[in-house]
Amino acid sequence: MPELMLDGRHLQVNEGTSVAAALALGGDGCSRTSVTGQRRAPLCGMGICQECRVTIDGRRRLACQTLCRDGMQVETRP
Amino acid sequence: MKHYADLLIIGAGPAGISAALAAAPSGARIVLLDDNPLPGGQIWRDGPGAHLPRQARTLRQRLDACSNIRIHPATRVIASSGPKQLLVEDPEHGWLISYDKLILCTGARELLLPFPGWTLPGVTGAGGLQALIKGGLPVHGETLVIAGSGPLLLASAASAKQHGAQVLRIAEQASRSAVAGFAAQLPRWPAKLLQSLRLFDLQYRTASHVLGALGSDRLEGVRLQQQGKIVELPCQRLACGFGLIPNIQLGQALDCAIEGQAIAVDAWQACSRADHYAAGECTGFGGSELALVEGAIAGHAAMDERQAAQQLWPRRARWQGFAKALNNAFALDPQLKALAQPDTLVCRCEDVPYAALTEHHDWRSAKLATRCGMGACQGRVCGGAVQHLFGWPAAAPRPPFSPARIETLLCLDEQSAP
């Protein structure tokens, strides 16, 4: 079972869990802050809308198309 | 890194998998790209919350058994970098891939229409919620409302219930007579009839649509127009999608003709550009059965196996009939154009409200003045919405088609270096 860090908090999830699901399992489900300061969460779930973009190990990635891996650092408030 | 494929297939959903398997016995070098971490597309998305049907597992095993099919998961097309050459990127690398034949199996996305509160956390697409649940999103013990249009609403509700959610309402915008008329035709496709009986839900209401998502920091409830009455339901999630629209962007970028809102194809699934084919939802919404047979026709046709392709035409015609019945029944009510209020955000990337768009006559003018459609999703969400709301057609995309890394873009430079 992969163990990752979500906004500095430790989280363990089932194998094959998407980072988008991990946001809800280990936090409030939000992924980013919009240009006018609103918090947003995954919307389309299939790699289209870009609402779920988060920073994973320093790179901007889509949470819904990324699977959780051991040691991942996920940030929603970079 | 430079690559070559005799046959390059973009999209590993039912159409792409079927195309690869049809073409594989020819011995061609086949490359199958998909932006998701695993093949299967949306309908056969795998994950801790997914139950793959046997057909999907069998097709995946057959793919794995073909040594001449190379699958690149989590890979996006970034640009068209030359004649029959694409720039692509996965989480680690960017590279150029040249091809002789190409099959576009880029699928469809949900039509997401703006309504008050739709940007609140807790609001997702209808298929979006199903995809997130398959990926492990916990919904156990949550209350939710599903709204929008099409059979996907029932499929999404079934997934949520399986995972312990309480579905308070399924609001279908189409009229009762339209849905009943569609249901009456289902015996023509017995498998679909069985599926619809299995998915039936007592909370299903026709002639009903969302008016707004309620809440301040996250979703707390939903206001619905339900068969003429206004109803408010407290809930934790709203899953709302108004049917599917074909993903045509890559086809447009490759100069393939567009007809209606889909990539135009002939009886061989061939596009207007030679050696380019398209199959599945990107050629018009029709479901996985149609996608499978179109994919197989495209795979055979691309390998010049005309007879094998032609043998599949009757099967395609049968599922085209289903697609036509479906699209007629769930046509969108013009009332839905009035959901957005002046302060409702239409472009979620650049936070552009509806009121800022109404003074413009086309998307280009709106883009230049407001940045609508110029954010990270490149108009993939608001483009569908403004086409529905104002009738502005989707412009051909410009590279990069998706946000890309600088190192990936540098591959273009290496190519032009002496």
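**Ground rules.** I am working with a predicted model, where local features need pLDDT of at least 70, side-chain atom pairs count only at pLDDT 80 or more, and totals for chains, interfaces and linings use all residues. Residues are numbered from 1 along each chain as its sequence is written, while chains are lettered from A and ligands numbered from 1 in the order in which they are written.

**Chain B overall.** I looked up the secondary structure and found 13 helices and 21 strands in chain B. These are DSSP runs numbered from the N terminus, helices being H or I with at least four residues and strands E with at least two. Along the principal axes, the C-alpha atoms of chain B fill a box of roughly 65 × 50 × 35 Å. I also checked burial: 50% of the 418 residues of chain B count as buried. Buried means that 20 or more other C-beta atoms lie within 10 Å of a residue's own; exposed means 12 or fewer, partly exposed is in between, and the C-beta atoms are placed from the backbone.

**Domains.** Chain B splits into domain 1 (2-109 + 245-326), domain 2 (112-242) and domain 3 (340-390), with bounds from an automatic or database domain assignment. Over C-alpha atoms, the centres of domain 1 and domain 3 of chain B are 30 Å apart.

**Where the chains touch.** I found 31 residues from chain B and 34 residues from chain A in the contact; two residues are in contact if their C-beta atoms, placed from the backbone, lie within 7 Å. On the chain B side, strand E7 (108-110) and helix H3 (126-134) give two or more residues. H3(B) gives the most, with four residues.

**A sheet in chain A.** Next I traced an open sheet of five strands in chain A, with mixed pairing and the order E2-E1-E7-E5-E6. Strands pair if DSSP finds at least two bridges between them. The edge strands, E2 (9-12) and E6 (59-62) of chain A, each pair on one side only. Strands E5 (residues 53-56) and E7 (residues 73-75) of chain A pair in the antiparallel sense over two bridges, and Ile56(A) stands opposite Val74(A) in E7(A).

**One residue.** Is Arg318(B) buried, exposed or partly exposed? Arg318(B) counts as partly exposed because it has 14 C-beta neighbours inside 10 Å. I placed Arg318(B) in helix H10 (residues 313-329) of chain B. Leu290(B) is 28 residues from Arg318(B) in sequence, and their C-alpha atoms are 8.5 Å apart in space.
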